[in-house]
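Have a look at it with me before reading on.

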Amino acid sequence: MIFKFLPATGILSSYGRLKEYLAYALVDNASADSVKSFVYESSGEGFKLSFKEAEDTNGYWGYTDGQKDDYSIVNVVLDIEPASVTFKEEEHIFENYREPVFRPSSSAVESSTIKGNLVMAGGALGSSNSAVYNKFIELARVKGDTRIGIIPAASSSLKSSELFKKDLIQYGVENEAIEILPISNHDFKGTVENESSWLDNRNNEELAKKIKDFTAIWFVGGDQTNITASLLNDDMTHSKVLNAIWDIYKNGAVLGGTSAGAAIMSDVMIAGGGSFDTLSKGFTETYDGMTQQEGGPGYLEQGLGFFQEGIIDQHFDNKARLGRLIAVTDELGEQDEISYGIDEDTAMVVYNNQNTIEVIGRGGVSLVDLSSMKKAGRKMENIELSWLTEGDQFSLDTHQLKIKESKVETKGYEYYNSPVAPHSGVLTPHGSLGHFLSYQLVDNEAVQEVKSYSFHEGKGFELTFKKGKETNGYWGYKDGGKDHYSYEKVIVDVVPGSFLIKD
């Protein structure tokens, strides 16, 4: 990786937990030889952590459980210095914020007319994640028949498609029922054929006719702009192949995808940008490839619109994309429409005939609701945030939750009763968004709010997460003795301001 990572300062820090941050931001990043994080109490008094490479620093990478990154790290040097962090609210500190020029064109299809379903995975889908694979295969069986097409366009090679096909076979699908479709706008690594010629296939009548016999389509991960460029014509109209996919979807087929394959599903497709930079800088009209998915201003393109009910974001937990999704929803979300952030190794299943979603897999889906938000400049208050995990459902009609029966309410029965320091970086307990709010706020009797800060070069945001009248939490055990949380209607305030760091 070659990317300038921001310091790990809180809940909006991409790869903000210790191992992940050191792996991605430092050891496997050619553009950095040191990175910083902080840890401090509510008073602001604490420490600055400096992680540095030495001559004997090394990292080791491989895939685990399919195509999940797996790192080991040796001999990173850590310096710890006393430091204090002071925040001052300044409503108009980000005067150079740029609104997006992009405006989506609606797919103009009513959800009620769609008989098919969606399985959208947030990325890093494990081969052992039987819940997601089995659900996709179950929904692919239309009248007893199964015929699955894999679209490889997002990836830089065919390896992702081949491994997904292998996984489907291991879960019981016949080899003859699966086909990797010749759809791409670029050449793949490690093949003799130049697959960039496959771009012409988007209007190939024989391929479009073949797709009409499929019961399922899966989009692999990678760069989502390659998927849309492979299926939309240059004038942004639907190609014949895309029309064929729409036809089978409306008639009962399931469409699925992971990472980039989930990003394409809404009309507004988020293709780049980090949480801090999108909240503070706004949006850009230029795109220079995959590194832009790790940070910088937000970048938007036209999606394929298979999901009719809101904006989708993915890698939501690991890449800390809450701020990005809030900013995009603020600019382009429809009135009273929810936006959805899907965690890694997790899928959001959309049942169009019931207008309901269900969460399956190992993480959760965050629901971002700006319908009651109050805004002044870059200050945004009264955002509602819910987090659903495996087995939970959500009605797209009524916006009511249906929590898995094995969970019990935590409101009035909180397990924890202790003060909480701000979420300040890689040493914060329960560091991911869903877990931090579950353990430290919702299931904690001692506090009514918790804070996090995101800052760089003296500017940033204070994020306050608060209990409201309708805030509730739900807890149960999963997979033996693992805590299994959900929560609803946590209130979020995002306040811009200046930061003074004293060493």
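**Ground rules.** I am working with a predicted model, in which local features need pLDDT of at least 70 and side-chain atom pairs count only at pLDDT 80 or more, while totals for chains, interfaces and linings use all residues. I number residues from 1 along each chain as its sequence is written, and side-chain values use heavy atoms, with hydrogens and water left out.

**Aromatic pairs.** I looked up the ring pairs and found 32 in the structure. Rings of Phe, Tyr and Trp (its six-membered ring) pair if their centres lie within 6.5 Å; planes under 30 degrees apart are stacked, over 60 edge-to-face, and the rest tilted. I took Tyr 24 and Tyr 71 to begin with: their centres are 5.3 Å apart and their planes at 70°, so I noted the pair as edge-to-face. Because Tyr 24 is in helix H1 (residues 18–27) and Tyr 71 in strand E3 (residues 68–89), the pair ties together parts 47 residues apart in sequence. Helices (H or I, at least four residues) and strands (E, at least two) are DSSP runs, numbered from the N terminus. Both tyrosines, Tyr 24 and Tyr 71, are buried; that means under 20% relative accessible area, with exposed over 50% and partly exposed in between (1.4 Å probe, protein chains only).

My next pair was Phe 87 with Tyr 453, which is tilted, at 5.9 Å centre to centre and 50° between the planes. Phe 87 in strand E3 and Tyr 453 in strand E21 are 366 residues apart. Tyr 453 is buried, at 11% relative accessible area. I then saw that ring pairs link Phe 87 and Tyr 453 with Phe 38, Tyr 40, Phe 455 and Phe 499 into a cluster.

**Strand E21.** What does Ser 454 touch, leaving aside its neighbours within four places in sequence? I listed Thr 9, Leu 12, Phe 276, Lys 459, Gly 460, Phe 461 and Phe 499 (contact: heavy atoms within 4.5 Å). Ser 454 lies in strand E21 (residues 449–456) and is buried, with a relative accessible area of 4%.

**Helix H10.** Is this helix mostly covered or mostly open? I found H10 (residues 433–442) mostly covered, with nine of its ten residues buried. Among them are Leu 433, Phe 436, Tyr 439 and Val 442.

**A charge over a ring.** I found the charged end of Arg 378 over the ring of Tyr 97, 3.7 Å from its centre. My cut-offs were NZ of Lys or CZ of Arg within 6 Å of the ring centre and within 35 degrees of the ring normal.

**Phe 47.** Phe 47 counts as partly exposed, at 41% relative accessibility.
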